[in-house]
Amino acid sequence: FLIGLTASKFGRNNILNDGHGCPYAESFDTIDEYMLRHPNADPKHILAVSGTKVPLTDAHNNLGAACLDGSVPNIYWRPGTGDGVNKFHVFFQGGGWCAGIENQVSQCDDTCPQRATTDLGTSKNDGASLNYDDGYMSTSQSVNPLTYNW
């Protein structure tokens, strides 16, 4: 399987700039919100390539796996198709990095207590599905010839 680390909640991984030179991802919690911002997108395609949320409850309860705020971590699973039907992508939401406890280490990094209060430090706001159809996680053969159908 392939593990993808990106920082988007729904829709393509739209990396933007916050004005300080620090990258962040544009996120979408529902397909309706995505369609409002991207009216030319095909909603059937978005639904077809979305991953399904799988809470890591056992790892949380028995092994201490947790987000920065202590919530249960999630992965997003998408089955393969065609000759990739027995393969799959697993998506882990990335971007929860932080630096420092009391003092901010750099302008682009939150302290860990600050990051724990954002969507990148918690799974509490994670949706039931996630579209990460972009780059090396793309389902387009021309974009991702190696694993497009995983």
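Modeller: A disulfide is a pair of cysteine sulfur atoms within 2.5 Å. Please note that the model is predicted.

Biologist: How many disulfides does the structure hold?

Modeller: The structure holds one disulfide. Cys98 is joined to Cys112, with an S to S distance of 2.0 Å.

Biologist: Which hand does the link of Cys98 and Cys112 have?

Modeller: The link is right-handed, with 80 degrees about the S-S bond.

Biologist: And which parts does the pair tie together?

Modeller: Cys98 sits in the loop between strand E6 (88-93) and H4, while Cys112 belongs to helix H4, so the bond ties together parts that are 14 residues apart in sequence.

Biologist: Is Cys98 buried or partly exposed?

Modeller: Cys98 has a relative accessible area of 23%. Buried means under 20%, so Cys98 counts as partly exposed.

Biologist: What about Cys67?

Modeller: Cys67 is partly exposed, at 22% relative accessibility.

Biologist: Changing topic, where is Leu120?

Modeller: Leu120 is in the loop between helix H4 (112-115) and strand E7 (129-131). Its relative accessibility is 29%, so Leu120 is partly exposed. From C-alpha to C-alpha, Leu120 is 8.2 Å from Trp97, and the two are 23 residues apart in sequence.

Biologist: Finally, what does the secondary structure of the protein come to?

Modeller: There are four helices and seven strands, in the order β-β-β-α-α-β-α-β-β-α-β from the N terminus.

How values were computed. Residues numbered from 1 in each chain as written. Predicted model: local features only at pLDDT ≥ 70, side-chain atom pairs only at ≥ 80, totals over all residues. Heavy atoms only, no water. Helix = DSSP H or I, 4+ residues; strand = E, 2+ residues; numbered from the N terminus. Buried < 20%, exposed > 50% of the residue type's maximum accessible area, 1.4 Å probe, protein only.
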